[in-house]
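Student: Hello! Could you walk me through this structure, one question at a time?
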Amino acid sequence: MKKIVTIIGARPQFVKAAVISRLIKEKYSNEITEYLVHTGQHYDANMSDIFFDEMKIPKPDLNLEVGSGSHGKMTGLMLQKIEEVLLEQKPDALLIYGDTNSTLAGALAASKILIPVVHIEAGLRSYNMAMPEEQNRILSDHVSTLLLCPTQTAIDNLKREGITKGVSLTGDVMFDASIFYRTLENTNSLLPKLPEDFFLATIHRAENTDSKERLTNIVRALNDCGKNGVLPLHPRTKKYLDMYGLTFNKNIMLIDPVGYFDMLELEAKANMIVTDSGGVQKEAYFFNKPCVTLRDQTEWVETVEAGWNKIVGSEYNDILDAISNFVPPQAHPDLYGDGNSGDKIVKELLKLWNSAI
Ligand code: UD1
Ligand code: UDP
């Protein structure tokens, strides 16, 4: 029996762990035991607990309760606490997801004490080093033993940085999640009555919220676009809207962050998605919805190349134009695997151990 310690802490990681942790528990419990550590980076009930309750993710074995703070404070606290867990648990590998501060803290803590790091969603690059996520991804990839890539682009990115060992193409676990959870009934919806015709919007990226100019342009464009929008508001964005004194007009329905089932329902019912989220750009594609991305570049370049994602940044006119006029093509190729990435990932993990014997 092999043991992994898994580090999660932020909302998108709960969605990804919902696939892998459930799979390990239901299908691979004779071979792998998982010790699940929640760093506490996200802690509001609707940013954390709701995902564990609704998605039947195994409850974390430990919550480090690190909470919010500056990058250094948050990452440093996590690093110290994760190291203690690793020394006590002595796992055969450490599993991390994506590109958050929780990801980086896990990667550093494990690699320094020579515990193999397994990175799910490895190889993504925006080529914008000002993004905290880009720094987290690059640093995590460079200390990882197993790099599990959702796309060929990610593999090519790693190759350009000289990383070829331990790299494999698995497809995207978020695609697995969307397929699996879409078939289940949304029995505890907290959604209000939705407009007939609306676009779904999410905004939380630091480059947008922390810039008064960018956030002002985005709010003005959504207010002036002449269409109805529904916007589940990330707490970070709420904080900055209040700080800058920015408000939305009546055409934008602000709601609290929603659970995954409600989010899937919003994505399915929306006629367009306007977002700066990484995960939501992909989900727009999974749901065949045109996506307008409020960023200057994306890691999910395949969606742009396929013509389903329009990168508009934060320019008022570009956002207005895309919301009114962006129409994707008919063709919608499979970009993110066959929905069995979770299984491929766990098999790669088992292979790593078998080859080490
Ligand atoms: C983090 C990740 C980002 C990811 C996002 C997913 C980093 C550097 N960023 O950004 O890559 O896309 O999660 O949502 O790791 N807050 C609350 N309640 C919570 C959580 C956060 O009020 O439960 C507020 C706090 O004011 C906090 C702010 O949101 O300071 C930002 O939280 P933080 O975890 O630092 O970063 P995110 O913007 O959520
Ligand atoms: N999500 C959710 N409720 C919300 C907003 C997002 O369940 O109110 C889900 C979304 O469907 C996706 C994931 O959270 O699966 C994406 O997380 P987020 O946008 O916070 O982070 P990113 O992907 O940009 O890192």
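Tutor: Gladly! Let us begin with a term: buried means under 20% relative accessible area, exposed means over 50%, and partly exposed lies in between, with a 1.4 Å probe and protein chains only. This is a predicted model, in which local features need pLDDT of at least 70 and side-chain atom pairs count only at pLDDT 80 or more, while totals for chains, interfaces and linings use all residues. Residues are numbered from 1 along each chain as its sequence is written, chains are lettered from A and ligands numbered from 1 in the order in which they are written, and side-chain values use heavy atoms, leaving out hydrogens and water.

Student: Is His-42 buried or exposed?
Tutor: His-42 sits in the loop between strand S2 (32–38) and helix H2 (49–55); helices (H or I, at least four residues) and strands (E, at least two) are DSSP runs numbered from the N terminus. Its relative accessibility is 16%, so His-42 counts as buried.

Student: Which residue has its backbone nitrogen 3.0 Å from a polar atom of the His-42 side chain?
Tutor: Setting aside residues up to four places away in sequence, His-42 touches Gly-9, Ala-10, Arg-11, Phe-14, Met-47, Ser-48 and His-234, where contact means heavy atoms within 4.5 Å. The backbone nitrogen at 3.0 Å belongs to Arg-11.

Student: How much of ligand 2 does the protein bury?
Tutor: Ligand 2 is surrounded by 19 residues, the closest being Arg-205, Val-258, Ser-277, Gly-279 and Glu-283. A backbone N or O atom of Gly-279 lies 2.8 Å from a ligand 2 oxygen atom. Taken alone, ligand 2 exposes 530 Å², and the share that the protein buries is 95%.

Student: Which helix gives the most to the shell around ligand 2?
Tutor: The elements giving two or more residues are H1, helix H11 (260–269) and helix H12 (278–286). With 4 residues, the one giving the most is H12.

Conventions
A polar contact is a pair of N or O atoms within 3.5 Å; within protein, one must be able to donate a hydrogen and the other to accept it, and residues adjacent in sequence count only if both atoms are side-chain atoms. A residue is near a molecule or strand if one of its heavy atoms lies within 4 Å of it. Accessible areas come from the Shrake-Rupley method with a 1.4 Å probe; for residues, only the protein chains shown count as cover.
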